[in-house]
Amino acid sequence: FVDRSSVLLRQAVSTVIQVDPFILLAPRVIDGLHSARDYIASIGGGVGILSAKVYLLEDEYIPVDRVIMRGQGIGPSFNSATTLKWAGGAGAGKAVVRSSKYPLGTEGSLALSGVGVQNCVIDAAGCDIGLYSYYTTNNSDFDGIVTRNATIANTYIIKSWFTNYGKQQARDGKNRGIVIGKALFGETGDIAVNACGWGWMQCKSNGSAVSSYDPAGLSDAGAGLVLGTFANSNHFPSVQSEGNNGLGIHSAVSFTNSFGSVYLESNSGASSGEKCSWTNVSGGSLTAIAVQSIHLATNQTLKNNVNRGMIVDAIH
């Protein structure tokens, strides 16, 4: 038995197309990106190569099946890196990269498969979301993404499974860093994020628009990483969350999720009281979150208000 879809996907990712010539022929940068995307899809799929420069996007980039856009050059300072920067004016209800066949807050029955954006900085200044992933499924890949400066969440992932998100960084967001499995725009029904692949994750300096924060209120405002009740059966091997105005991690107990090493420092910066770095709250289930090790900096605390909510091997 030969899985024809897998064969087609392997053939597709071996096809590499330079994107810039399409942009030179288009009236707008986003039109050129979409033209390159459509051409790659028309030949059966493949990878579009982006240059190590800043692309000013006048509207959302929307992936299609079996097309991956791949940037280059990400470094500690993000200089000479492929940057997809929002240039579309008022970005309410928008995402710089919208991996969904539907606008934010809109639900539907059609999935995306074999899509991705890789090795890119997504600068969402003026836009609600940097990377949005809804109903993104098998063989999709978003490894090597840095999201920055978004109004509501730098990265927002719901209704997704068996997708590789790999290394993710969310920095300098006005509110939340990375949100997984929690509705932000009133979505209902199945928004689960099931058994996706995660690499090293960093959430840093988010929540600049959060002027006050009360850890006892269990809010996720200004949090670095938010795991909703619909984040199921995911393993996060390494999470570094620091310098956020809210929590470092806000997690709602769901089906089994697990962590390797977690590093928490200088969170709850907007709180005049307790400096809480991680709050684990009830999500309607009593399945425990397993954590290999938590590294807490001085004066950072951990709260768990759920019986059997966390199993921690070591706290340093």
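**Reading the sheet and the cores**

Analyst: In strand E2, Gly 48 is the bridge partner of Ile 17. The model is predicted, so local features need pLDDT of at least 70 and side-chain atom pairs count only at pLDDT 80 or more, while totals for chains, interfaces and linings use all residues. Residues are numbered from 1 along each chain as its sequence is written, and side-chain values use heavy atoms, with hydrogens and water left out.

User: In which order do the 4 strands form the open sheet?

Analyst: Strands of a sheet pair through backbone hydrogen bonds, either parallel or antiparallel. Here the order is E1-E2-E4-E8, with parallel pairing; strands are DSSP runs of E, at least two residues, and helices runs of H or I, at least four, numbered from the N terminus. Two strands pair if DSSP finds at least two bridges between them. E1 (16–18) and E8 (116–118) are the edge strands, each pairing on one side only. E1 and E2 (residues 46–49) are joined over 3 bridges.

User: Which residues have the most contacts inside the largest nonpolar core?

Analyst: A nonpolar core is a set of buried (under 20% relative accessible area, 1.4 Å probe, protein chains only) Ala, Val, Leu, Ile, Met, Phe, Trp, Tyr and Cys residues joined through side-chain atoms within 4.5 Å. In this case they are Ile 180, Leu 225 and Phe 259, in a core of 53 residues. Helix H3 gives the largest share of this core, 5 residues. Another core, of 20 residues, lies apart from it and includes Tyr 134 and Val 210.

Definitions and conventions
Buried < 20%, exposed > 50% of the residue type's maximum accessible area, 1.4 Å probe, protein only.
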